[in-house]
Amino acid sequence: MAEEMFTDERFKLTDEKAELALEVLRGRLNRQLEASLEVCVRCGICADSCHYYVANPKPEHVPAYRAEQLRKIYRRLFDPVGKAVPRWVGAAELDQEAVDRLMYAAFGTCTMCGRCVLNCPMGVDTRHIARTARAMLTAMDMTPEGLKATVDIHLKSGNNMGVDEEDYVETLEWMEEELQDELEDPTLKIPVNKKHARVVYTFNPREVKFFPYLIQAAAKIYNAAGEDWTVSTESWDATNYGLFSGDNSAARTIAHNLEQAVNHLGADMLVMAECGHGYRSQRWEGENWAGHRYPFPVMSFVELQAQYIKEGRITLDPTLNTKRVTYHDPCNQVRSGGIIEEPRYILRRAVMDFVEMEPHGVENYCCGGGGGMLSMSEFSKDRIAAGRVKADQIRATGAQIVATSCHNCLDQLDEIKRHYKLKVKIQNLSELVADAVIWPREPASAAQAERNDG
Ligand code: SF4
Ligand code: SF4
């Protein structure tokens, strides 16, 4: 439990801290949050939606129980009965015990995956409640250390792994050479800071630091499509852990930096790397944080790859991927972003044997790595235990490859693969696409588009 984990002075409640947290709650109370805090009828239907509960059915793992930890504080502040006779309505002060419970409920055992939201007959948004609780804890400087460090490094260095510009540019040059060698074409490029390109592409820093071959895969797809694209050195990190810490100010700054980079390059659109929460942050939350509309559209690389295939800009040969493949839908893309059909459209054309896991699409279970959980080592045991649901789903497909389009999912799937001894390889969608791309590319034609559509 959280109270045993957070013994540091930083996690001790003071009157000043409590006031900061309550100020956040007051400030964030809008119609949607208020409705979610008011309308729960305690039916318990949400229990089976949550991978934590399915893996370990204890009361603390019921989504409504988690939400109740914030509701108690809300009632004490805003419910007339809660103010007068707190016990009658289960209202509670924000004391140390309440803080410890909030910590475990909002950070420790909720990946903000949104599956319970979809399955609640009353429309309670437990994900929204969890993020509000996280924001309150963050306002008190009680963000778990790893998550706090990830946000701080991003704000300080421009990316969440502190990669400096020299290393970043060198990696891009290295991958450009690798691509030229792979395709025996010295004219292929990863254009850096090109003005007025159609597309500005972003990366997850893990690609730059640990998985540069994913940069090569993306570059191969862009070159195959004949895209007018570029990457920025000003701001290029697709991630935004401010979404997970609940800190809107940090999230706004990070999203703003990307927006500025696109504006400074004068590009037509921003394409987010295969990163679930990064896509959600920039595409669906960024304009709310900024308070204005972006002057350009934002899309996911998953959507763009599907578009290239549809338009005949790339042609795939599925016989180059013969193993059985299943797809794990990242929560922030499928439930929060509406990217449902695109990965399936791609896989049916990129591999010979695509099989769905059950359930899938918007009903897909979280892998357990969402909500910034991989950065919070305090909760690893619960995270791996909750991953059993995903491991069972994967095993039942008989797949040899699990494709996904999010780095947090990739990491978590890799860990549960080892823990639950699954004989599968975990891959990014774009890797499979890059492997299946027919090269040299043919000029796009109507006949080709038709072929891709068939
Ligand atoms: S399903 Fe909705 S209404 Fe029912 S207990 Fe869960 S959150 Fe409350
Ligand atoms: S958002 Fe996901 S992890 Fe959190 S309570 Fe709901 S189902 Fe569970």
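Visitor: How many Å apart do the C-alpha centres of domain 1 and domain 3 lie?
Guide: In this predicted model, the domain assignment places domain 1 at 2-142 and domain 3 at 311-436, with domain 2 at 158-308. Between the C-alpha centres of domain 1 and domain 3 the separation is 30 Å.

Visitor: How many residues does the contact take from domain 1, and how many from domain 3?
Guide: A pair of residues counts as a contact if the C-beta atoms, placed from the backbone, lie within 7 Å. On that basis, the contact takes 16 residues from domain 1 and 18 residues from domain 3.

Visitor: Which element gives the most to the side of domain 1 that touches domain 3?
Guide: The elements giving two or more residues to this side of domain 1 are α7 (96-108), α8 (115-119) and α4 (51-55). The greatest contribution is 4 residues, and the element that supplies them is α4.

Visitor: How many charged residues does the side of domain 1 that touches domain 3 have?
Guide: By class, this side of domain 1 has 9 nonpolar and 6 polar residues. The charged residues there number 1.

Visitor: How many residues of the shell around ligand 1 are nonpolar?
Guide: Among the residues surrounding ligand 1 are Cys40, Cys43, Cys46, Cys120, Arg42 and Gly44. Arg counts as charged and Gly as polar. The shell has 1 charged and 1 polar residue, and its nonpolar residues number 10.

Visitor: Over which residues does pLDDT stay under 50?
Guide: The protein chain averages a pLDDT of 94, and 96% of the residues score at least 70. The stretch under 50 has 10 contacts beyond four places in sequence in the model, and covers residues 444-449.

Terms used:
Residues numbered from 1 in each chain as written. Chains lettered and ligands numbered in written order. Predicted model: local features only at pLDDT ≥ 70, side-chain atom pairs only at ≥ 80, totals over all residues. Near = placed C-beta within 6 Å. pLDDT = per-residue confidence, 0-100. Contact = placed C-beta atoms within 7 Å. Domains from an automatic or database assignment.
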